[in-house]
Amino acid sequence: MTKQIQDAYIVAAARTPVGKAPRGMFKHVRPDDMLVHVLKAVTQLCDGLDPAAVDDVIVGCAMPEAEQGINVARVALLLAGLPDSVPGMTINRFCASGLQSVAIAADRIRLGEADVMIAGGTESMSMVPMMGNKVAMNPVMFKHDENVAIAFGMGMTAEKVADQWKIDREAQDAFALTSHQRALNAIKQGEFRQEIIPYTINEKYPDLGTHQVRESVSVKDTDEGPRADTNEAVLAKLKPVFAVHGSVTAGNSSQMSDGAGAVVLMSESAMQRFNLSPLGRFVGYSVAGVPPEIMGVGPIKAIPKVLAQTGIKLDDLDWIELNEAFAAQSLAVIHDLGLDREKVNPLGGAIALGHPLGATGSIRVATLMHGLRRHKMKYGMVTMCIGSGMGAAGIFEAL
Amino acid sequence: MNNAQFIVRKVAVLGAGVMGAQIAAHMVNANIETFLFELPAEADDPNAHVTKAIEKLKKHEPAPLSVKSKAAFIEAANYDQHLEQLKTCDVVIEAIAERMDWKQALYEKVAPYLGEQTIFASNTSGLSINRLAQAFPEALRHRFCGVHFFNPPRYMHLIELIPCEQSDALMLDNLESFLVTYLGKGVIRAKDTPNFIANRIGVFSLLATMHHGRESGLAFDEVDALTGALIGRPKSATFRTADVVGLDILAHVIHTMRDTLPDDDWHSYFETPDWLRGLIDEGALGQKTKRGVYQKVGKEIQVLDLAENTYRASCGEVHDELKQQLKYSKPVDRIAIMRNSQHAQGQFLWAIHRDLFHYCAVQLEHIADNARDLDLAIRWGFGWEHGPFEIWQEAGWKQVADWINTDIAAGKSMSNKPLPSWVQTISEQVHTSQGSYAPVTGTIHQRSELPVYHRQLYPDRLIGEDATYGETIFETDAVRMWHTGDKIAILSFKSKMHTIGKDVLNGILDALKEAEKNWQAMVIWQTEPPFSAGANLKQATERPKPQHVEKRVPAPPSLFEKFFKQFKKSAQATVLKAARELDMADALMARKLAEVEAMIDQFQQTSQALRYSMVPTVAAVDGLALGGGCEFVMHCDRVVATMETYIGLVEAGVGLLPAGGGCKEFALRAAQTAVEGDPFPQLKKYYQTVAMAELAKSAEQAKELGFLRPADTIIMNRFELLHAAKLQAMTLAESGYRPPLRMRAIPVAGNTGIATIESMLVNMHEGGFISDHDYLIGKKIAYVMCGGDLTPGSLADEEWFLQLERAAFMELLATEKTQARIEHTLKTGKPLRN
């Protein structure tokens, strides 16, 4: 099946903590600055790497405009101090952007046309809202009924999935609560310590009394999303947001977030050249399309596809990072594919940890690579549904 | 006090309780810098208490703030850290709890920090101002007085101003002027007697009502049916008002009267009845505890039934014959009808009026300067249409006085105290065009000569005062154009609720022609609110009210029903009915649908004429300005609005869209304020306002929503409205007025704009938030406001948009569901979701 001539290895993977949007700890932190931060971090993690050897930097971003516009990959790599000779490319596959960037980077190596690649993702949902700063829909969407669903909000598609898969409110809320409990526990156990590179926020604001500029410096090293104060009763009280008689609430949906992640990939020869050892191996990646109105079930198509492609069985997977866009779609995917709930998001998911759209893929690759190694597991997967009806799934092997 | 111009730069309100915080809110509504003081909190933030009170203002109902964002302008302060700030305040209002010792302690604390000219006023309702003054340093007492706000202070017009013996006369004048213009209030000077004027009379009226209700064996809900709108008082009448005020508060006020008025001839009635005490003991304090005289169980309103000692469904009804008599009688005959009624309800109504009149006549000289002050205090403080003396005078002063005397002699009245002699000596009037009777001097007292009142060209008129407005220029059944002796013409509508029908449209167009011929400017001003309830949705459907028929006449079948039956079978029946919104009955009868559209066209032409006439047009707006009324406001060159102006384009609520230029105007404004050429971000905001039929709940919010422009003026006092509007009109006229050049290149949002809005509608529709028909209406409005299916950015003119408005209006009118909505609204007055 695969026509690769060499393997691509993950040599370093790191991320920022994830902040809540639009009023969280990173609300005033630029997404390009967060990207600079993780690019610097992963290059430093590769001790001995000649930065000029980086063949390309590929960064995913779901709303690549304004603070994260003008090819944020190239801008950030230059600001991160990488040499002019290193190129950069921003790519967009909505919520899978940060995984897609890893796949493209891996493929360049696997094809033999590159030896050192950096992949990543960044997103500030505080600064660039969902749908971007200017929404301008194509009139043709509304001329034909079959295209109307392109205009559906993500929450609406989750309602459709809940409806068709008969996933009730209680199940969704229970799933959400588990996500928070697992995330809180993971933080307590220090599970994220390896992957998170603490971020120092410098802010300047006016002291109106003294007319001086006041500077504040704070260091953030923990995900902001998980809530210790949530429980069944609190979740049950929330009103459906997207449909009058719906079941999808703010509590059982992923959180809007800010964050960035980056991964260094190398060929075996490059690792030897720079005397670096791998965290793991990139095994394979697939994407697949589904009807836009039930976009949440994308992984149901993408996961079997990547398994067939790589020849790996579902049972071989020890750990599955399934992006919790919504509890409804997560449960639909788990149900249809018969996933083992214990293997899915053992450290919690996007409902608790947040979902900074285009950054999530790279962030969860970092979680998976470190997690697999820490827990002495072998195969893991990062998978997610994608707006307008797609699914993506990538398989990694810990070494 | 010196005579220099009195300017209030800053105000401090001491006490962040319900009243204090709301007074502070109203200060910032009026753009007055305000400190709100409260005791320091023990928490980390010493301002925690006051900050919490300010936060609460945003959620309080009815809203004390004109817009929520105003809360940020109230500066939180506490007595530990910020007393120095008092030095910068020209007026300090103390509004802490009604405890003499607390107030005294506070006065001692703050007095050293008051500025040299600072006025210090206590907002008390129960304590003696002179006793409070004793607690205030003697050297400052000339700057001390009482100001009694009524709750809720933003909405209640009355403030009682109570001097202490040492209060400086100029200080009082300055304060009164400030309260009138800058807070928009009606100020009544009261004497330092218990409960002052409004509460003294109002609470007496309540006690008399309770007394006679009990005597007549009337249930609480029956008393409320009798003492509400039927006799010109607020709908909440007697006991529902008591529930809203709080039964504990009511008992407190009654106790104040009992304790402080031992010599009052009605003193024996100043007691809380057992049932009231019982409710209070049970913790049933009215609305705030969800149970009082009334309670709501599910959707049912229940009333306390004393006989059964339980709650039952509220069903109080006025006896039919009495109701018809009172409804269709001349006001002058109403008191006689009550007195002559054989029905217990009629006797009850006479008795409460008789004893109220009796009490007012006896107490007037003790509590107020003159009869006008008493009547206005009741009107402004309790929301009655007319004060007691007005009602008495209207019913025939001497006749009613005789009846009262007869009842006193017969031992029927609550007290046998004789009416004061002045009642017999004055002629037929306590209120005259020259002024109102003042028993202390035995003369007629004119209205105040304070310069601030020169701004009130037409103050709140009392029955008995001259009620003519200037010189007529021309007058029809629908409008009157007039002037006050200068070159500004004033146009006032005569229709009920100042709705706009064909006749009003003709009137406006004729007035503009006349204005261009002979006048410098035209102001649209109504003699009383509302500005306009919009296009005439009801006029054709209402049976003409027989105004002066004493006998009950069989109600003629509603015109609406007649039309409805006639056309029901025809395919277009309901279309026609709907179009009657524009008072198109005649055209509809003849089934000339083309005429319907022609009349919408006339509506639009009228809007455009207001904009493009060669003389400036100024809309002077107070109260509601809905639908067509709103569109006219938007098309005048300038708007002067009172803060209590409620503007909205509400057509979507009845399944239509604004077609008098409203959609066009918003598209135009979006284009004019477009950032970097893209009108859509602004248009989207306007779209939501129109599609959600959003109503601005203050003039300030009307600016936020875009109904008013930044240059439009907001004033606080509605009686100053005409004055301010005329000056604006004059300013425009004298500044070389030319109408704006016609916009011929309005960039449209086009098909991308429509699609982007539709993407929102699709989600709301899928989510069940809007119906199929809502979707259709929403889409039509989007179509019109975006300029139709055009390439975005292409250029259209006003007529393009107006034509889209007309077409979309007719299309919606042709739908069954819009017809059903209009029919439902006409019948029930409520919106229909279908």
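Does B:N31 count as buried, exposed or partly exposed, and how many C-beta neighbours lie inside 10 Å? B:N31 counts as partly exposed, with 14 C-beta neighbours inside 10 Å, where buried means 20 or more other C-beta atoms within 10 Å of a residue's own, exposed means 12 or fewer, and partly exposed is in between, the C-beta atoms being placed from the backbone. This is a predicted model, in which local features need pLDDT of at least 70 and side-chain atom pairs count only at pLDDT 80 or more, while totals for chains, interfaces and linings use all residues. Residues are numbered from 1 along each chain as its sequence is written, and chains are lettered from A and ligands numbered from 1 in the order in which they are written.

**Confidence**

- The model scores ipTM 0.91 and pTM 0.89.
- Chain B averages a pLDDT of 90, and 92% of its residues score at least 70, pLDDT being the predictor's confidence in each residue, from 0 to 100.
- Over residues 537-591 of chain B, pLDDT stays under 50, and for this stretch the model has 79 contacts beyond four places in sequence, a contact being a pair of residues whose C-beta atoms, placed from the backbone, lie within 7 Å.

**Overall form of chain B**

- Chain B contains 31 helices and 23 strands, which are DSSP runs numbered from the N terminus (H or I over at least four residues for helices, E over at least two for strands).
- The radius of gyration of chain B is 29 Å, close to the 28 Å that the globule rule gives for 834 residues, so chain B is as compact as a globular protein of that length; the radius is taken over C-alpha atoms, and the rule is 2.2 Å times the number of residues to the power 0.38.
- Taken along the principal axes, the C-alpha atoms of chain B fill a box of roughly 80 × 65 × 60 Å.
- Of the 834 residues in chain B, 51% are buried, and residues 24 or more positions apart account for 69% of the contacts with a separation of 6 or more.

- Beyond its neighbours within four places in sequence, B:V633 is in contact with residues including B:F531, B:A619, B:I647 and B:F707.
- In helix α6 (residues 198-216) of chain B, 14 of the 19 residues are buried, so the helix is largely enclosed by the rest of the structure.
- Just after α6(B), B:G217 takes a positive phi of about 70 degrees.

**Backbone exceptions**

- Most residues other than glycine have a negative phi, and most peptide bonds are trans.
- B:N31, in the loop between α1 (18-29) and β2 (33-38) of chain B, has a positive phi of about 60 degrees although it is not a glycine.
- A:F94, in the loop between β4 (88-91) and α3 (97-110) of chain A, has a positive phi near 45 degrees and is buried, with 21 other C-beta atoms within 10 Å.
- A cis peptide bond with omega of about 5 degrees joins A:A21 and A:P22, and A:P22 lies in the loop between β2 (19-20) and α1 (31-45) of chain A.
- B:P529 and B:P530 are joined by a cis peptide bond, with omega about 5 degrees, and B:P530 has its place in the loop between β18 (521-525) and α19 (559-568) of chain B.

Terms used. Contact = placed C-beta atoms within 7 Å.
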